[in-house]
Amino acid sequence: MTELTGTSPQVDSNDGLAVLERRGSVAETYGIPLAVLLELTHRCPLQCPYCSNPLELDRAGQELTTAEWKKVLSELAEIGVLQIHFSGGEPTARKDLVELVQHANDVGLYTNLITSAVLLTRERLKELADAGLSHVQISFQGNEPVVADRVGGYKGGHAKKIEVARWTRELDLPLTVNAVMHRQNLHQLPEIIQMAVDLDADRLEVANVQYYGWALKNRASLMPTYAQLEETDRLVEDARERLKGTLTIDYVVPDYYALRPKKCMGGWGRQFFNISPSGKVLPCHAAESITGLDFMSVRSNNSIAWIWQNSEAFNRYRGTGWMKEPCKSCDFREIDFGGCRCQAFALTGDAGNTDPACTLSPLHESIFKQAERDAASGQDRFLYRNFAGGTPESGDDA
């Protein structure tokens, strides 16, 4: 998952068009993000054991219809959003994807397709390009089929990804390779970097697994050793220097080995939101893992702008007013905003606690030791993410 940043002019909470004139909202200083993630569906032919989708997946019958997604796209363009990231699940499982890309293009939105690629044909990729698709991001689970297909739980998946990546460049579409890294594939990082170069990718995301949802269930099978992390740091820095001007490399460190927490998604409700398949507007893709929060839907009577500015869920952890000690008096409180709320909830049971990735958290030492235990466990079996072991379902508008 790519971190999205940026702000744009604030908007009225009622019609989503006029500049917000009133004051007093906790969120009044946070403009509509420049980029928004749209999770079109949770259906996916892959079964990745670190999937960022929630444990309770939205079924096909709950998904927004074509007309509803087009209304969302028009509203986002009207309120100042510039970029749309079509994601999932697997967004190409939606039969209406070309129509949605065309509509996004018609209303002036830059479109990025975040895909496993395994359902794409060259003909459909060309249709997407002709409809105005701006960029393609393909996820890879390794640099060769044995590891990659096992991690993805999909036979023949790696070969298809390579093929689609080549079609992407043949169609003159920019390409990002997203490599989700963990203990069972980090040894392939040098080859994955070279694979990205050979595929003529513009960007490579070296994204160590973040432990929420499915990844948390598989933590003992995914957690890298500290020695692997040190080697990864060295490899990435070397490659960045060596490939400067050829390949841009983004790097996400696993939180369990960090000293300070990340400013997760730019801070809760500050620079990012995504919309789930059923239309829930979320501060981040893992936010539904925090129980007790009521996330509003685009199907409600409120505009997306109103939900962003005024909903209780978005305002709950905005800024610094919600913080307890040690965050409350920390000099970094307006730099990292306490770290990740989802990780704080997953590891402490309270989303208002300091992210244990921070050395100031009383639980920091214990999660570092947990990481070492998981990494040394030798566990290599996965609990795969899927729809009850079946195949993706079809919805009326999918």
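UniProt annotations may be inferred rather than shown by experiment, and their positions are given here in the numbering used for this structure. I keep that in mind for the first entry, and also that I am working with a predicted model.

**Entry 1: the annotated cysteines**

I looked up what the UniProt record marks here. Its unreviewed entry carries a "binding site" annotation that covers Cys44, Cys48 and Cys51. I then went to two of these residues, starting with cysteine 44. Cysteine 44 lies in the loop that runs between strand 1 (35–39) and helix 1 (66–79). Is cysteine 44 buried or exposed? Its relative accessible area is 15%, and buried means under 20%, so I noted cysteine 44 as buried.

Next I turned to cysteine 51, which also has its place in the loop between strand 1 and helix 1. Cysteine 51 has 14% relative accessibility and therefore counts as buried. Which residues does cysteine 51 touch, leaving out those up to four places away in sequence? I found Trp214, Ala215 and Arg385.

**Entry 2: glycine 153**

I moved on to glycine 153, and found it in the loop between helix 4 (145–152) and helix 5 (157–170). With a relative accessible area of 25%, glycine 153 is partly exposed. I set aside residues up to four places away in sequence and listed what glycine 153 touches: Gln47 and Tyr384. I also checked proline 49, which is 104 residues from glycine 153 along the chain, yet their C-alpha atoms are separated by 8.6 Å.

**Entry 3: helix 2 against helix 3**

Here I wanted the packing geometry. The axes of helix 2 (residues 97–106) and helix 3 (residues 122–130) come within 8 Å of each other and cross at roughly 20°. Angles under 35 degrees count as roughly parallel, so helix 2 and helix 3 are roughly parallel to each other. Their crossing is right-handed. On the helix 2 side I wrote down Leu97, Val98, Val101 and Gln102 as making the contact, and on the helix 3 side Arg124, Glu127, Leu128 and Asp130. Sorted by class, the contact comprises 4 nonpolar, 1 polar and 3 charged residues.

**Entry 4: histidine 103**

How does histidine 103 count, buried or exposed? Its relative accessibility is 18%, so histidine 103 goes into my notes as buried. Apart from neighbours within four places in sequence, histidine 103 is in contact with Lys70, Leu73 and Ser74.

Conventions:
Residues are numbered from 1 along each chain as its sequence is written. This is a predicted model: local features need pLDDT of at least 70, side-chain atom pairs count only at pLDDT 80 or more; totals for chains, interfaces and linings use all residues. Side-chain values use heavy atoms; hydrogens and water are left out. Axes are lines fitted to C-alpha atoms, for helices over the stretch in contact, and angles run from 0 to 180 degrees between N-to-C directions. Helices (H or I, at least four residues) and strands (E, at least two) are DSSP runs, numbered from the N terminus. Angles under 35 degrees count as roughly parallel, over 145 as roughly antiparallel, 65 to 115 as roughly perpendicular and the rest as oblique. A crossing is left-handed if the near helix is turned anticlockwise from the far one by less than a right angle, and right-handed if clockwise. Contact means heavy atoms within 4.5 Å. Ala, Val, Leu, Ile, Met, Phe, Trp, Tyr, Cys and Pro count as nonpolar, Asp, Glu, Lys and Arg as charged, and the others, Gly among them, as polar. Buried means under 20% relative accessible area, exposed over 50%, partly exposed in between (1.4 Å probe, protein chains only).
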